[in-house]
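I opened this entry to look up charged pairs, the chain interface and strand pairing. My notes follow in the order in which I checked things.

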Amino acid sequence: MNSREKILSAVIANQPELVPLPELSSFERNASGCSDKFVAMLKSVGGFFYYVSSYDEIINILLSVNGENKKIISTVTELTAYYSEEFLNNPQISNIHDIDVAVLKGRFGVAENGAIWLTDQEMRQRALPFICQHLAVILNADSIIPTMHEAYELISKVTYDFATFIAGPSKTADIEQSLVIGAHGPRSMTVFVMINDQ
Amino acid sequence: MENSTKDHAELAQDFNRDEDRVNWHDETLWFIRQKRDKTAHQIPEWEALREAASQIKNNVLSNLHNYLVLFEKNAVTNGIVVHWAADASEHNKIVHKLISEANVNRMVKSKSMLTEECGLNEYLAEHGIEVIDSDLGERIVQLAEEPPSHIVLPCIHKKKEEIGEIFHKHLGIEANISDPQFLTETARGHLREIFLTRKVALTGVNFAIAETGEFVVCTNEGNADMGAHLADVHIASMGIEKLIPERKHLGVFLRLLTRSATGQPITTYSSHFKKPRDGKKMHVILVDNGRTVQLGRKDFRNSLKCIRCAACMNTCPVYRRSGGHSYHTAVAGPIGSILAPNLDMKKYADLPFASTLCGSCSNVCPVKIDIHEQLYKWRQVLVKNGYAPAAKKVGMQLMTWTLSSPGFYHTVGKVGRLVMKHAPFAVNNKLNPWFKQRDMPYPPAESFNEWYAKNEGKTHR
């Protein structure tokens, strides 16, 4: 008997009598006040936040915060200055290891924890939102939902090979519980909430 | 430490030599417990979430066979290679084989308590494979050649000055640096180089979903993602109890996990791995290592519901004052003390006794494991099976005789009071375990019985 059969037969011999799954529908919440809550939670997890109404506005903010001569890469076609199909098609590590700022679109934001859902379609390269020194995410104002329960309702309607929730910059408190921003991933996370998507 | 012959009490005594450190450890973990309370109380449906999580996990344990088979089928459809390991040794051999097949002799690893349980790093080192742990806390204890002392905060027992010294010795920084910002930046630079050059990355698994064949890994640092997305081969090791039925159940667990662990609303990254990248490989190793035995123990099976948040450790009055290393097992604290005896009753017979049975652990557990009741039940099992320490057995027998004979009880009480009053050195010494880190109480002048005999007539007349 191989290990698979051994484990499965031990499981079936030892598992208790079947008990049903609980009903989760009572957890769904209404969406009022979501945006304000999202902003507050995003800030509490160390994120920066801007309401914007155009892509030009995003570019201006990125330039004023990061200065010139930075390697800014975007997977958002509207940001033509930072979008390069050729670049995004090259999966070599040497291509992406020195990115200063990556700008991606997020699918939706979760008000209760400030997390944003991104799939590999928005990332193009899975490592992109992790390896960049600074991360910027663009979100539509109407794509903020109350809790993780609504999040998984939405997630059930999309397909992905890899996806993640990102809530703020990479951080650690492993040294004497002192919070340090910028552990291995981005040193900052900036969220642009687009009020009037062009 | 795994080879140490000292038991919990002796190891706790070692930890208690440095009183300032113990106080700091105690207060810091209690502060995290308070952060957990603050965040949990912001969720009106918190208790309903705990109940739902508990019921989902009960369902998982009762239907684990089908969920494992379904997960395997869906994961394979997704292009993930699924391996089964009956024990720690088989798990380690599978990892070694996968590294060898990639023609490399080094690997980067993010946090996985399962690999600690299996002794993977030591096994691979013996076979000439270099493993670098990428979680900051784990990297620190790895450089210090120590195991993690806490499943979420691996180096909570270390002071920043000691970490500065470790980095001075191993990462070439100047001596006497203790600034956490600087030390973290040093580790970032050191580990980035590792992430960029390692072809094989191993991660743990927080949740695996039977319905979709995907698995979820949660970190704050981003180290699991940095390792996995930059490597050609991603190995994910998981205990078979990490299965959950459907993706929507993550809504419940991700709301509970980090709030219970650190008081954050969610980890920075909650990554859902479903398929490997084009041309790359993704492996999942499903590990039993005693879990099916625990599943068959009616009184102890629901310890397998654990989601490894460590809330029970942060709240435990014994853990906070004895330190994680005193438990001499990969998973310390109250939950570790009910998991470890399943693996080796003799070796871990001391752990269920390392508790006050105050019940705080059960009250904070996000999946409602009756931890303190299981600690109590393990004590009975261990004594019945002959694993109780000899001194404890003799002590219990003496207590039984004393309590069942009123005459003897009164004599012993009288002698005790006289001794404590006139010859306190007889109890205030190292032979008396109650005297360790405590002052003995001042003995009362008379017993209640003596007082009653003297006063009975007076009050009723």
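I started with a network of salt bridges that links A:Glu112, B:Glu45, B:Arg255 and B:Arg259. I note here that the model is a predicted one.

Next I looked up A:Arg4, whose side chain meets that of B:Glu72 in a salt bridge at 2.7 Å, N to O. This pair joins two chains, because A:Arg4 lies in helix H1 (residues 3-14) of chain A and B:Glu72 in helix H4 (residues 64-77) of chain B. Are the two partners buried or exposed? A:Arg4 counts as partly exposed at 28% relative accessibility. B:Glu72 has a relative accessible area of 13% and is buried, the cut-off for buried being under 20%.

I then took two pairs within chain B. B:Glu246 and B:Lys248 meet through their side chains in a salt bridge of 3.8 Å, N to O, which still passes because the rule asks for a distance within 4 Å. B:Glu246 is partly exposed at 26% relative accessibility, and B:Lys248 is partly exposed at 43%.

For the second pair, B:Glu450 and B:Lys414, I find a salt bridge with the closest N and O atoms 3.3 Å apart. B:Glu450 sits in helix H21 (residues 448-460) of chain B and B:Lys414 in helix H20 (residues 406-422) of chain B, so the bridge ties together parts that are 36 residues apart in sequence. B:Glu450 is partly exposed, with a relative accessible area of 26%. B:Lys414 is partly exposed as well, at 45% relative accessibility.

I moved on to the interface.

Six salt bridges cross the interface of chain B and chain A. I checked the salt bridge of A:Arg187 with B:Glu185, where the closest N and O atoms are 2.8 Å apart.

Strand E8 (residues 162-166) of chain A pairs with strand E9 (residues 269-273) of chain B, antiparallel, over five bridges. A:Phe162 has B:Phe273 as its bridge partner in E9(B).

From E9(B) I followed the pairing to E6(B), which runs antiparallel to E9(B) and is joined to E9(B) by five bridges. B:His272 in E9(B) is the bridge partner of B:Val216. E6(B) also pairs with strand E5 (residues 207-209) of chain B in the antiparallel sense, over three bridges, and B:Phe207 stands opposite B:Val216 there. The hairpin of E5(B) and E6(B) has four residues between the strands, and B:Gly213 takes a positive phi near 70 degrees in this hairpin.

Why do I log strand E6 (residues 214-219) of chain B as largely enclosed by the rest of the structure? Six of its six residues are buried. B:Glu214, B:Val216 and B:Cys218 are buried on one side, and B:Phe215, B:Val217 and B:Thr219 on the other.

Methods. Residues numbered from 1 in each chain as written. Chains lettered and ligands numbered in written order. Predicted model: local features only at pLDDT ≥ 70, side-chain atom pairs only at ≥ 80, totals over all residues. Heavy atoms only, no water. Buried < 20%, exposed > 50% of the residue type's maximum accessible area, 1.4 Å probe, protein only. Pairing = 2+ DSSP bridges.
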